[in-house]
2 protein chains.
Amino acid sequence: MTDDLPALTGPVEVVGAGLIGTSVALVCRRLGLEVVLRDASAENVRTATGLGAGRSATATDRPQLVVVAVPPAAIAGAVVDALHRTDAVVTDVGSVKSAPLAAVAARVSPADLARYVGSHPMAGSERSGPLAASAALFDGRPWAVTPHADADPAAVGLVESLVVECGAAPLRMDPAEHDRAVARISHLPHLAAVLVAGRLAAAPAEHLALSGQGVRDVTRVAASDPALWQQILEANAGAVLDLLGEVRADLDALMAAVSADAGADLVDILARGNAGTAAIPGKHGGPARPTRSVFVSVPDHPGELARLFGDAGEIGVNIEDVHIDHDPGRPVGLTELVVEKGRAEHLLAALESRGWTTHR
Amino acid sequence: MTDDLPALTGPVEVVGAGLIGTSVALVCRRLGLEVVLRDASAENVRTATGLGAGRSATATDRPQLVVVAVPPAAIAGAVVDALHRTDAVVTDVGSVKSAPLAAVAARVSPADLARYVGSHPMAGSERSGPLAASAALFDGRPWAVTPHADADPAAVGLVESLVVECGAAPLRMDPAEHDRAVARISHLPHLAAVLVAGRLAAAPAEHLALSGQGVRDVTRVAASDPALWQQILEANAGAVLDLLGEVRADLDALMAAVSADAGADLVDILARGNAGTAAIPGKHGGPARPTRSVFVSVPDHPGELARLFGDAGEIGVNIEDVHIDHDPGRPVGLTELVVEKGRAEHLLAALESRGWTTHR
C-alpha cells in the first residue's frame, strides 16, 4: 500500500508536544525525517526534544506535513494557523472531526481548506504529556482518516502515509460518520461506565465489599480525566445526544419489562446484549473467534504469574486475554485465561499435570 | 475463626448438582465428609458422582447441612422441601435473598424456619453444569451470609463454617441489604453492559471497526445467559428498579448538561464517575493502591506472552492486572501490565533493557 501513497519525506511539524504529538514525532525521527515541534508550553518542547523527538520550530521551517495534536478546544485555531502559516498538508488527531472541520472551513479559503485532512488515531494511554510518548503507541491500532469532500487527494494520501509509517491501519471515513461511530463505540461506553460508577461513589462499604470482576470491567474507563472528556463530549454533542436518547428509550423499555414481570420482553433485551458483544471485531479485525475461559489459582506474589505463563507458553496455547481477579480475604488470585474454545481442554489438562489448581 | 464456629462434620446434602453445587460437594469430599447429591436430572447426579463429588441421596440419609443450589425460580420450593424432609440446617446459594426467604417463611413453621440461613457465594464462571465445577471455585471470594432475624445462631455458625472451609470470606448481611448491594455492584453493571451492547448489535461495520479496549471492557459481562439473568432480575425487581430509576435521573441530568453546554455540570458528573472507580476495593479487600499501566508490544503467538511474564517475574515486579489489546490490521498485540505505581519505572527500564518495545 505504501507504494501507492505519496512519500512522507518531511519535514514534519508537530503542534502540541503531548502524548500523541510526541509519539508521532518519535516515529518520524525513527524514519530519519526532520521533525520540528511547537507547544504553548516551552517545557513540553524541551522535554520532547530531550527525548529525541525533534527540535524547536523556527520561522524559516517549511514543513511537508503539519500534525496538530492540541487539546480539543484548541484544534480549529491551530489548524487555521498552520494552513495560513505554511503551504503544508495539515492534519489533526482529535477524537471528534465534524465540529473542528466546520470551524476551520469558516475561516480559510477553499484552496487552503483542500490541504486539510482530519484524522484520528484510536490509541492512547492513561497518561498524558511527552514523557508518556512512544513510537510504538500506534502499533496495530485503527487510525481513522476523515477527509472532507473537497480535500486534495494527494493530501489525503500523505496523511495515510503517516498512518502507515506509524504502524497503524488507516480507515477512510466521512467526518460525520466518524463522529457517530466514536459516539457509539467510545463515548457511549464511557458514559455508561460513568453512570454506573456514579452509583458507587457514596455506596455503603458492605455493598462495595461484594464487588467482583464484572463491576470492575464495566467501570474501568470511568477513571479518566473529566476536563478532557468534557471537551470531547461537547464537541460531539449531537451524535452523543442521539445515542443517549436511544439508550434512554431502551432503559425505559427495560424498566417496564422488569416492573411488569414481562419475561419475554426482558429476555429479548438481554439477548440483544448478547448479540452486541458478538458484533465486536476480534483480534486482527476478523470475526470474533469463539473463546473459552480457563481459571487457575495463582498465589499472589511475583514469579507465580510468570511461572503460569511460562507453562502456558510451553504448552503452546495462545492466550487471547487475561483477567486477574481481585480476592478480598485471601492472598490467592484466580487468574482467568481466555483461549480459543477448541484449545481449552488441552490447556487445562496440561496445566493440571504441571500441578496447577484449575477449574472450568 | 474456624475455632469459634460449629464444626462441619457432615453428612452434607447438595440439592442441584450444577456448577456451584458440585463445587461445594467437591470441597466437602476433599475434607473427608460424606456428601449426598440430588438433582432433577439423573444425568447431572451421575456426572457429579463420577467426578468424585459424592453419591446419590437415599431416603435414609440424615444430613447435618443441606445446600440448595438450584436455579433461582426453584430455590424456595427446594428449601421448603429440605426443611420438611430433614432436621438439617439448610442454606441456599442463590444470588437474590429476600424474595426466596419470604416465600419460604410463608410455607414453614417458625421452628423450621430457624434452621434456614440463606447465603450467596460471589463466584462463578461463564460455564455451567457439573463438568465446570472445581473445589477452587470459591478461593478468596466474598460469600455473603444472610440470616433472617430469627435464625438459630448455631445454624448461622454452621453455614459460616462451610464458607470458611470453601476458602471464601464470609460477610454477614441482612437479606434485603444484600439484595440492594447486588443490585448496585452486579445487576446494574450487567444491565449497563446490556444497554451499551444493544447499541452495537445492528451497528454499521465501519463503526465497529474503531472498537478499542474501552467498549470491550464495558460490554464484556453482557455475554451471559439471558434466561438465567431474567430469573435473577425478576427475583430482585424492587432493588433493581430503584437503582435503574436513580440512573435514569442521572442520565437525564447528563443529557441536559450536554445539550445546554453546561460544562460545570458535566464535569461534576464525570468527576463522580472518577470517585466511584476509586471506591471499589482493591486486592485483598484493602483500599485500592494506586496503580500505573505499562504497555509492551508483544508479537501475537504462543510463547511471547510467556517470555514477557518470565522477564517480569525475574524483574520481581508484581502484576496486579493484565489486558491484552486486540489489534485489527497487524499481528502485534499491545499488552497492558497494571503494576503498583511506584514500581512502574523500574519495570519499564528493566523490560527495555531486555529488548522489549515499551511505552508509558
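How many residue pairs are in polar contact across the interface of chain B and chain A?

## The interface of the two chains

In this predicted model, where local features need pLDDT of at least 70, side-chain atom pairs count only at pLDDT 80 or more, and totals for chains, interfaces and linings use all residues, side-chain values use heavy atoms, with hydrogens and water left out. Residues are numbered from 1 along each chain as its sequence is written, and chains are lettered from A and ligands numbered from 1 in the order in which they are written.

The rule finds 26 residue pairs in polar contact across the interface of chain B and chain A, both residues at pLDDT 80 or more; such a contact is a pair of N or O atoms within 3.5 Å, where within protein one must be able to donate a hydrogen and the other to accept it, and residues adjacent in sequence count only if both atoms are side-chain atoms. On the side of chain B that touches chain A, helix α7 (residues 175-198) of chain B gives the most, with 18 residues, a helix being a DSSP run (H or I, at least four residues), and a strand likewise (E, at least two), numbered from the N terminus.

## Contact and buried area

Chain B and chain A each bring 139 residues to the contact, which counts heavy atoms within 4.5 Å. Between them the two chains bury about 12,500 Å², and 65% of that is on carbon and sulfur atoms; buried area is the accessible area (1.4 Å probe) that two parts lose on being put together, summed over both. In chain B, the residues that lose the most area to chain A are Arg199(B), His207(B) and Leu210(B), together 6% of what that side buries.

## Salt bridges

The rule also finds 10 salt bridges across the interface of chain B and chain A, each with a side-chain nitrogen of Lys or Arg within 4 Å of a carboxyl oxygen of Asp or Glu. One of them joins the side chains of Asp252(B) and Arg248(A), at 2.6 Å from N to O.

## Backbone features

Most residues other than glycine have a negative phi, and most peptide bonds are trans. The peptide bond from Gly10(A) to Pro11(A) is cis, with omega near -5°, and Pro11(A) lies in the segment before β1 (12-15) of chain A.

Asp261(A), which is not a glycine, has a positive phi of about 55°, and lies in the loop between α11 (237-259) and α12 (263-279) of chain A. Asp261(A) is exposed, with a relative accessible area of 51%, where buried means under 20%, exposed over 50%, and partly exposed in between (1.4 Å probe, protein chains only).
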